[in-house]
Amino acid sequence: MKKLLFVVDPLDQFKVYKDTTFSIMREAQRRGHLIAACLPQDIQWKSGGFVMATVQQISLTGSQPGWYRVHNTMRMALKDFDAVLMRKDPPFNAEYIYATHLLEQAEREGGNVVNRPRALRDHPEKLAIMEFPLLVTPTLVTRNAASVRDFHAEHGDIILKPLDGMGGKGIFRVGKDALNLGVIIETLNKEGAETIMVQRFVPQIVDGDKRILIINGEPVPFVLARIPQGTEVRGNLAVGGKGVAQPLTPRNREIAETIGRVLAPRGLLLIGLDVMAFKKSPTRPALTSQRSSLTRWSGPHVQRTMNHCSAHSGPRRTSISTSTLGITCVRKVARSLPGHRAAAHAPQRSFTSFGRGRTSNHYD
Ligand SMILES: Nc1ncnc2c1ncn2[C@@H]1O[C@H](COP(=O)(O)OP(=O)(O)O)[C@@H](O)[C@H]1O
Ligand SMILES: [Mg+2]
C-alpha cells in the first residue's frame, strides 16, 4: 500500500463526472493505496522543519452526492508520502507559485511530487504554448493596446483572453468590424496593467476544442472534443459546451507526441492540451494551413475527464471513461514511487528519468 497525497481544490466542489483527479483517486483506491487530500493553504513550512500539511485521509464511497468520506485528519511531512500530486486548478497567481515553492522544498527533503513543482512554475498554462510556434495559431502576448489593435488589423477576426483564466472565463471574440475592441482590451489588460493573450480566431472551433491528455509523454488515445453550442464561441463544458469523446487522430497524436517529448523530461508527467484543427485555406501557406492549432496548454492538472462522455464518432460509437485515464495515471505514478526507484532519496534524478509532468484537473 502506498500513501498518496492529493493537493486539491475543495473536495466538495469537485464535479466528479469530469474530474481527472477523482478518476486517479478512484483507481488508486481500487489498487489499495491510502488516499489523503489537502488544500494548498493546509501546507506549512516552519524554519528548521520539514514541509508539513494537515491532511484528511479519505475513501471514495462510490456514490453521489457524498462521493468521499473523511476517516482521519492528521499532520504529516510531505516527504513521508510515497507521492504528492499537485492538482490545484488555476488561477496561476502568487499563491499558486508559493505552493510550488513549498512543494519544491518537500522535494528537496526527499519527497516525490507530481508534477514537478519547478516545471509547474516554469510552464504557466496559456503562455507555455508559445514554445511551440509551429503548432500554435498566430498569437500575441502583450499588455500594449496598440499592439493588440495592430494584431486585429492583421488578422481581422481575433480571440482575446486573460493569461490565468480557465473554464472559458474572460474569452472575447472580435470580428472584422472591431466592435467593442477598445473596451475589451481595457477590461482584459486593466488599462495596461496586465498582460493578455490575443489569437487569430480559428473557425474550426465549430468542430470542437479537443482536450488531449499526455501522460509521461504518451498521448491518451481518446480525446474529449468540447463543442460550442448556439452562438457561443467557447467550447468549455463549464459554459455549456457539449463533450464528445473521439479517438485521437494521427495528426493530433503527432502534436501530442512532439509536445510530450519536450515536456515530459522536464517533469511534466500529466499534461492537458487544447487543440483545434486547421483546415486548408487558400489564403494560408500550405505548410501552416495543414497544421493543427494549439490554443492552450492546460497545465497544472490533466483536466478532469471524460467520465460519462460517450460519443458518436463517425459510424463507430466510442465511449471512454475516467477509468482509462485513472489506470494509466496511477500506473505511471506508481512507477515513480520508491519501490520502483533505485534511490528513494535521489528524487531529483529519478524525476528526470521518469519524466514528471503536470496535468489539468478536469475537462473545463
Ligand atoms: N484562437 C481561438 N479560436 C477560436 N476559438 C477559441 C480560440 N481560443 C479560444 N477559443 C474558444 O474559447 C474556449 C476557451 O479558450 P481557452 O484558451 O481554452 O481558455 P480556457 O483556459 O478558459 O479554457 C475554447 O474552448 C474555444 O471554444
Ligand atoms: Mg480551454
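**View 1. A hairpin made by β3 and β4.** Strands β3 and β4 form a hairpin, with five residues sitting between them. In the turn you'll find G48, which has a positive phi of about 85°. This is a predicted model: local features are described only where pLDDT is at least 70, side-chain atom pairs count only at pLDDT 80 or more, and totals for chains, interfaces and linings use all residues. Residues are numbered from 1 along each chain as its sequence is written, while chains are lettered from A and ligands numbered from 1 in the order in which they are written. Strand β3 covers residues 43-45 and pairs with β4 in the antiparallel sense over three bridges. Across that pairing, W45 stands opposite V51 in β4. (Strands are DSSP runs of E with at least two residues, helices are runs of H or I with at least four, and both are numbered from the N terminus; two strands pair if DSSP finds at least two bridges between them.)

**View 2. The other partners of β4.** Strand β2 (residues 34-38) runs antiparallel to β4 (residues 51-60), and three bridges join the two. Look for I35 here: the residue opposite is I58 in β4. β4 also pairs with strand β5 (residues 68-77), again in the antiparallel sense, over nine bridges.

**View 3. F81, in the loop between β5 and β6.** (Buried takes 20 or more other C-beta atoms within 10 Å of a residue's own, exposed 12 or fewer, and partly exposed is in between, with C-beta atoms placed from the backbone.) Setting aside neighbours within four places in sequence, F81 is in contact with K3, L4, L5 and G111. (Contact says that the C-beta atoms of two residues, placed from the backbone, lie within 7 Å.) N112 is 31 residues away from F81 along the chain, yet their C-alpha atoms are separated by 7.6 Å.

**View 4. An open sheet of four strands.** The order here is β8-β11-β9-β10, with antiparallel pairing. β8 (139-142) and β10 (172-174) stand at the edges with a single partner strand each, so one side of each has no neighbour in the sheet. On average, neighbouring strands of this sheet are turned by 20° against each other, direction ignored. Inside the sheet, β9 (residues 158-162) and β11 (residues 196-200) pair over five bridges in the antiparallel sense; I159, for one, has Q199 in β11 as its bridge partner. Helix α4 lies across β8, β9, β10 and β11, running at about 170° to β8. (Axes are lines fitted to C-alpha atoms, for helices over the stretch in contact, and angles run from 0 to 180 degrees between N-to-C directions.)

**View 5. Helix α4 packed against helix α5.** At what angle do α4 (residues 145-155) and α5 (residues 181-189) pack? The angle is about 135°, and the axes are 10 Å apart. The two helices are therefore oblique to each other. (Under 35 degrees counts as roughly parallel, over 145 as roughly antiparallel, 65 to 115 as roughly perpendicular, and the rest as oblique.) A145, V148, R149 and H152 in α4 meet L181, I185 and N189 in α5.
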